[in-house]
Amino acid sequence: MTDRTTARERATEPEDLTRLFVERANAGDVEGLAELYESDAVLAFPPGSQTVGREAIRAVFEQMLAQAPHFEPEPALPTVRNGDLAVTSTRPADNTGGRVQVVRRQPDGSWLRIIDRPEIRD
């Protein structure tokens with residue numbers, strides 16, 4: 001019996017999550033995107049609402065990727081860390097104000113998103 005599970009790269013630093021998101025979104029990897037979030041994470045998307053839990057977040061990404069968007073890396077702002085928590089953010093190329101995530105170090109040393117606010121309007 002062959003193991004069909006492909007081991008995906010894990011974020012070894014908080015800043016890796018943004019790069020991995022762009023790579024997986026552009027590859028159409030819905031499962032890989034969902035794996036960047038803790039099981040009870042909160043995604044502030046669609047705008048004005050909250051999506052709670054990895055499975056619900058996966059469903060949002062499935063709908064989003066069905067439209068075949070293309071993502072470009074955005075300039076990272078300085079990460080703020082406090083122990084096993086960190087805040088990451090980027091300055092969006094589309095001038096929507098900012099993107100902010102709260103991430104947590106996992107027991108294996110990798111990092112996952114726990115709160116993701118992909119759009120903040122000025």
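Predicted model: local features only at pLDDT ≥ 70, side-chain atom pairs only at ≥ 80, totals over all residues.
**Entry 1: helix α3**

Next I looked up which residues of α3 are buried, and I noted Ile57, Arg58, Val60, Phe61, Met64 and Leu65. Seen down the helix axis, these buried residues of α3 fall within an arc of 160°, so they line one face of the helix. I then turned to the other side of α3, where Glu55 and Gln63 are exposed.

**Entry 2: aromatic pairs**

How many aromatic pairs are there? My count comes to 3 aromatic pairs. One of them joins phenylalanine 21 and phenylalanine 71, with 5.8 Å centre to centre and 90° between the planes, and I logged this pair as edge-to-face. Phenylalanine 21 sits in helix α1 (residues 16-26) and phenylalanine 71 in the loop between α3 (54-65) and β3 (80-82), so this pair ties together parts that are 50 residues apart in sequence.

I moved on to tyrosine 37 and phenylalanine 61, an aromatic pair that is tilted, with 5.8 Å centre to centre and 45° between the planes. Here too distant parts of the chain are linked: tyrosine 37 belongs to strand β1 (residues 37-43) and phenylalanine 61 to helix α3, 24 residues apart. I checked accessibility again, and both tyrosine 37 and phenylalanine 61 are buried.

Putting the rings together, I see Phe21, Tyr37, Phe61 and Phe71 linked into a cluster by ring pairs.

**Entry 3: the largest pocket**

I looked up the largest pocket last, and its volume is about 410 Å³. Which residues lie nearest its centre? I wrote down Phe21, Phe71, Glu74, Arg99 and Pro118, out of 20 lining residues.

As for where the lining comes from, α1, α3, β5 (98-105) and β6 (111-120) each supply at least two residues. The largest share, 4 residues, is from β6. Sorting the lining of this pocket by class, I get 9 nonpolar, 4 polar and 7 charged residues.

Technical notes
Residues numbered from 1 in each chain as written. Heavy atoms only, no water. Phe/Tyr/Trp six-rings, centres within 6.5 Å; stacked < 30°, edge-to-face > 60°. Buried < 20%, exposed > 50% of the residue type's maximum accessible area, 1.4 Å probe, protein only. 1 Å grid on protein atoms, 1.4 Å probe; cavity = no way out; pocket = protein on both sides within 12 Å on 5 of 7 lines; lining within 4 Å. Points joined across faces, edges and corners; volume = space filled by probe spheres on them. Nonpolar A, V, L, I, M, F, W, Y, C, P; charged D, E, K, R; others polar. Arc of directions from axis to C-beta.
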